[in-house]
Amino acid sequence: MFYGIVGPNGAGKTTTLTAVCGLREPTSGTIRIAGHDLRTARDAALTQLGIMMDGLSLPERLTATELLRYSAGLRGLDDGWQTRAGDLLEILGLDAVPRTLIVEYSTGMRKKMNLALAMLHRPRVLVLDEPFEAIDPVSARSIEQVLKQYVDAGGTVLLSSHIMDFVERNCRRVAVVAGGRVLVEGPVEEVAAGSTLNERFVALVGADPVRPLEWLA
Amino acid sequence: MTRTLFALKLRLFRNGPHDERGFGLVAGLVLAALVVAGASGVARGVLHEGWIAAALTGWGGMWVLGPLAQPRHEPSVLSREWLRGYPVPSWRLARALSWTELLGVGPLITLACLLSLLVLAAPAGPAAVATAGAAALTQLYLLVWAGKTVAALAAWLLQTRAGMTLAAVQTAIMLALSFAGWVPVAAWLLPRLRDGDIALTALTPGQLPASLVDLLTLLPTGWGYRAAISARDGAGWGGVVMPLAVLLAVGVLLQLGWIALTAHALRRPPRRATPNRPAAPGRGLPGSGVAPQVRAVAARELATWLRDPARGVELRSAWLTPLLMAPIIAVAGWNWALPFVGPAVAVFGAMVAINTYALDGTALWQVLTTPGAVKADVHGRMLAWALLFGAPSVALAAVLWALTASPVGGVAVGGAVVAAAVGCTVAPLLAVMMPAVGADARDRVYPGQRAGDPTGGQMTIFPLVVLASVVPGVIGAVVAGRWWATGLSALLLATGILSTVPGLVVRLLHQRGTRLLGAMASRDAAALRPSAGTKADVPAR
């Protein structure tokens, strides 16, 4: 299933996801991933996770193939990773630039590379921070197609996004957060409460005041 | 516009940071005072005036060599990035900027130093002093613009494909001269040290050879001195006006050159140097007996050492420096000391590997979220370092021992073994403990971009590696020059270090890893302190 976290900037979406990935200690509560407690069975929990963080570096001086080989080696994966890597590079359109280093990648290519990296070890849960932010519609479409296949095959995707349209179309459940608090959580239809998710979101978090700027006239 | 830029620069000075600027000001004024005091000693007849010419040559040389010694240092307070989008012709902007370049610690302390010219001319009366004043100002003008133009040229070259090698060669030359420049002097003072004879060559204080002083006054750094001395000695207007006119003319040309380079930089969008691409898709690191996780990290590290602009400069300079030191030592006739170039490779290799975690930046998240990867990362970094610096340093010491038949070759090899063990393990330890956080890995494309200043870590590991490498030789000497004592102590020491420090680094990275990642994400090393936030904090955007 897809689970969406939406909220204004600074609401706590990335904070939540970094805690889920074990990069931040939660101030209260526990995090369980596929039945494994992140605090007491960290390695078992992280093994089930595929992570795509926004705005963080990768080993920048490697090519896509080298990065996937490195990641497979780091996780001690068996030989099957090569087939999966080839498929991911092809379906995400990254095989066309075999000698390009990650540092030269555009934002869209970088997102796709992150997704390939997150899926290489066939995790049960994907945690994606803003997977569609600042990318072109073509890259967004290929990422969406891959994610749908992953969910159809039984995977779970936990993602944060500002793209309400995607969340409304794909997510089974959604949490609206603001100021570090969950304002509402549940099935998307219930949260939307008869209007569009975007309208409901604005109603929940409030909109900035709008008045005419006379000096523009 | 010039007034606005001046005001902006003054405000930037006032807001700091003040540490480096304050230190430069105080240290520069002390040195300038020494030169002025020397000039007054000339007037009293206690010092030969040639020493002032030598001091001014050294001072002027720093203006030109300084930007070459620190090729990755942003030379200007007012960044070009801020001004690139302004709707003002680039030539006009560059011209206004050029006058603000005269405002700074460098010009101030150089002016203080050049007051020595006035002191030199003082015995000849007010007219000579006035001429010396003009000489000081024109000399300052030339030095400032020589330095600024060299810095602008270096900054431009760093953005070219050859920038990495150029920066490495610059750094290596400066380091080799700094670390081995004393050898010819020592060889002259101690000509029979190889045989254990420490009798010093007798020194006779006196004056510099006249031909050397003449040569110094022919250099651009000596033209002001030449004008001041000519005025003092009443050499006629030709001897006075000519150097001043040439100083002014060359200064104007250099300023125009700087304006042209800066206008060019302002017109162009920021350049992106083409990184070193692999000739073919890379393969994993072959090797048996090494865990695949460690092999994967070592392969990543080797590729990064060769392709990352900051690491590429460090790798090249770490290897070029000892290789440049070797001919200096050989020319001085100290062939018996050549095997010590081996441990020097380990020393410089350790110094350049002091900041690898900060250079890799936020890519650390992958290591922290992959089960078992922390240990593999630490060991893989060590394996890559051993392949690039450690093993070659021992091999180089052994080969140079065989070639020179040096009586201290065994000590050099033993020292290289221990230096390699310390460099291999302590460099990643310090990289975790005291990272110099700069621009993130994804934002660095060419060597001129800020990558954090690891001087603190380098100054920590340098004495550590040097002292450790001396230990086997000292132990060998204590047991009456027994070679086996040197070799055995080197092996035991290296084994002890290799079996204890890596575990410490792994434990430390487990404890501080998320804080280290937070520090690099926020580009603030203060985030490393436990009090800076909650236990593990990647800043939310």
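A word on the ground rules. This is a predicted model, where local features need pLDDT of at least 70, side-chain atom pairs count only at pLDDT 80 or more, and totals for chains, interfaces and linings use all residues. Residues are numbered from 1 along each chain as its sequence is written, while chains are lettered from A and ligands numbered from 1 in the order in which they are written.

Now look at where the two domains of chain B meet. Domain 1 puts 22 residues into the contact and domain 2 puts in 20 (two residues are in contact if their C-beta atoms, placed from the backbone, lie within 7 Å). On the domain 1 side, helix 7 (126–158), helix 8 (163–180) and helix 9 (182–189) of chain B are the elements giving two or more residues; helices are DSSP runs of H or I, at least four residues, numbered from the N terminus. Helix 8 of chain B gives the most, with 13 residues. That side of domain 1 comes out as 15 nonpolar, four polar and three charged residues. Ala, Val, Leu, Ile, Met, Phe, Trp, Tyr, Cys and Pro count as nonpolar, Asp, Glu, Lys and Arg as charged, and the others, Gly among them, as polar.

Next, turn to the contact between the chains, which takes 42 residues from chain B and 37 from chain A. Helix 13 (292–307), helix 17 (364–368), helix 18 (373–404) and helix 21 (483–522) of chain B each supply at least two residues to the chain B side. Helix 13 of chain B has the largest share, 10 residues. The chain B side divides into 21 nonpolar, 11 polar and 10 charged residues.
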